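User: I would like to learn how to read a protein model. Could you take me through it feature by feature?

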Amino acid sequence: MASDGSGLRRVLLLVCLVLCVATLPRRAGAWGADGHHAACLIAEPLLTPTTWKAVNSLLPERANGSLASLCTWADDIKWMWKYHWTAPLHYIDTPDFLCRYDYDRDCHDQHGQKGFCASGAINNFTSQLTNYELPKASRPLLTKTRASEYNLTEALLFLAHIVGDIHQPLHVGFTSDAGGNTITVHWYRRKTNLHHIWDTEMIVKAEDVYYNKSLSNMVDAIILNITNNWIGEAQLWGECPKGEIACPDTYAAESIKLACQYAYRNATPGSTLADEYFLSRLPIVETRLAQAGVRLAAILNRLFDTKSASQRLASH
Ligand SMILES: *[C@@H]1O[C@H](CO)[C@@H](O)[C@H](O)[C@H]1NC(C)=O
Ligand SMILES: *[C@@H]1O[C@H](CO)[C@@H](O)[C@H](O)[C@H]1NC(C)=O
Ligand SMILES: *[C@@H]1O[C@H](CO)[C@@H](O)[C@H](O)[C@H]1NC(C)=O
Ligand SMILES: *[C@@H]1O[C@H](CO)[C@@H](O)[C@H](O)[C@H]1NC(C)=O
Ligand SMILES: *[C@@H]1O[C@H](CO)[C@@H](O)[C@H](O)[C@H]1NC(C)=O
């Protein structure tokens, strides 16, 4: 009996060794699920009714009218063969220690293909979505309109996800450490990497310490700040310098600057990061989640509700 059990265990272990290693991502990615949910939950109440109508017509039925519920879709499908090409769309590698981002120099995949990075992807999916037409009443199920050769449901889900990613400072990080992925540190007593601390650990820690372990409480606190403490600056976050629909170069340039000022600072390999790091960096995390949400809403409103273009946060 014992040998049966251990034999089975050995087979399972072998299967896992093969499968688990084969499916390990080249680099871990993306704000964790909580970061993406937060950004989308912050965006949702800022969408105008006209924008909601368009978003809803693109969302699959299983989303049940919730954009946030599918904000991690782009991570969920990354491992599939069909979507392997999308892995580089979640981040941007910039030159080591330069602390600057340049689209022409930095936005490419590992083969040097131009435009295959987070900012290029935001431009790509935004431009695809400009072809959206509200489905005609006579063709209510048609979400892929004649005007677009692309799947606009996917364009929406990629856009909602990548606008989140590009605001995580270390998603626009140094090339040689893969945005902090190869910098091993201790987070309190646990070993992890710097990238993961910014994707996930700081958000989870904040939920535990300040928000009764609830993401939704944390999101409410951030929204309260957007509509009160930060209202002046928050109104400007959504705007683009040249009146573009989306301006990912602005978001990326901010991220690498914050990565240098806050994320990489005092986070050398082998160091232990604890309260001092957490307390001084958490405000950056909260502001970036706020900016991601406000900007995602602004982009969607400009895409789907042209009358909202001049509308401001205060009117909501
Ligand atoms: C779908 O959304 C509605 C309204 O937002 C809610 O009442 C309902 O419980 C949701 N259904 C599921 C299956 O989540
Ligand atoms: C833009 O997206 C389409 C799929 O929707 C893809 O085929 C194309 O390669 C993408 N281009 C870039 C630069 O991301
Ligand atoms: C668009 O993409 C979604 C998500 O991958 C998929 O469920 C849907 O079937 C696609 N629609 C079309 C018309 O191909
Ligand atoms: C914290 O959450 C639990 C359930 O998750 C709830 O019972 C409790 O009342 C909450 N505490 C506060 C202070 O809100
Ligand atoms: C809200 O804003 C205040 C003042 O800027 C800041 O101290 C606080 O940490 C913010 N809270 C959240 C959840 O962003």
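This is a predicted model: local features need pLDDT of at least 70, side-chain atom pairs count only at pLDDT 80 or more; totals for chains, interfaces and linings use all residues.

User: What share of the contacts in the protein chain comes from residues 24 or more positions apart?

Analyst: Among contacts with a separation of 6 or more, 74% join residues 24 or more positions apart.

User: How do I read a helix? Is helix H2 mostly covered or mostly uncovered?

Analyst: The general idea comes from the turn: an α-helix has 3.6 residues a turn, so residues three or four places apart point the same way. To judge cover, count the buried residues. In this structure, helix H2 spans residues 33-43 and is mostly covered, with nine of its 11 residues buried. The buried ones are Gly 35, His 36, His 37, Ala 38, Ala 39, Cys 40, Leu 41, Ile 42 and Ala 43.

User: Which helices do the buried residues of H2 pack against?

Analyst: They pack against H7 (152-165), H8 (194-210), H9 and H12.

User: Which residues is Ala 259 in contact with, leaving aside neighbours within four places in sequence?

Analyst: Those contacts of Ala 259 are Pro 169, Leu 170, Val 172, Gly 173 and Tyr 264. As for distance along the chain, Cys 99 is 160 residues apart from Ala 259, yet their C-alpha atoms are separated by 7.8 Å.

User: How do I read the surroundings of a ligand? Which residues surround ligand 5?

Analyst: List the shell, find the elements that supply it, then sort it by class. Ligand 5 is surrounded by Ala 221, Ile 222, Asn 225, Asn 229, Pro 283 and Glu 286. Helices H9 (215-227) and H12 (275-304) each supply at least two residues of this shell, and H9 gives the most, with three. By class, the shell around ligand 5 has three nonpolar, two polar and one charged residues.

User: What classes make up the shell around ligand 2?

Analyst: Gly 115, Phe 116, Gly 120, Ala 121, Asn 124 and Tyr 150 surround ligand 2. Three residues of that shell are nonpolar, three are polar and none is charged.

Technical notes
Residues are numbered from 1 along each chain as its sequence is written. Chains are lettered from A and ligands numbered from 1 in the order in which they are written. Two residues are in contact if their C-beta atoms, placed from the backbone, lie within 7 Å. A residue is near a molecule or strand if its C-beta atom, placed from the backbone, lies within 6 Å of it. Ala, Val, Leu, Ile, Met, Phe, Trp, Tyr, Cys and Pro count as nonpolar, Asp, Glu, Lys and Arg as charged, and the others, Gly among them, as polar. Helices (H or I, at least four residues) and strands (E, at least two) are DSSP runs, numbered from the N terminus. A residue is buried if 20 or more other C-beta atoms lie within 10 Å of its own, exposed if 12 or fewer, and partly exposed in between; C-beta atoms are placed from the backbone.
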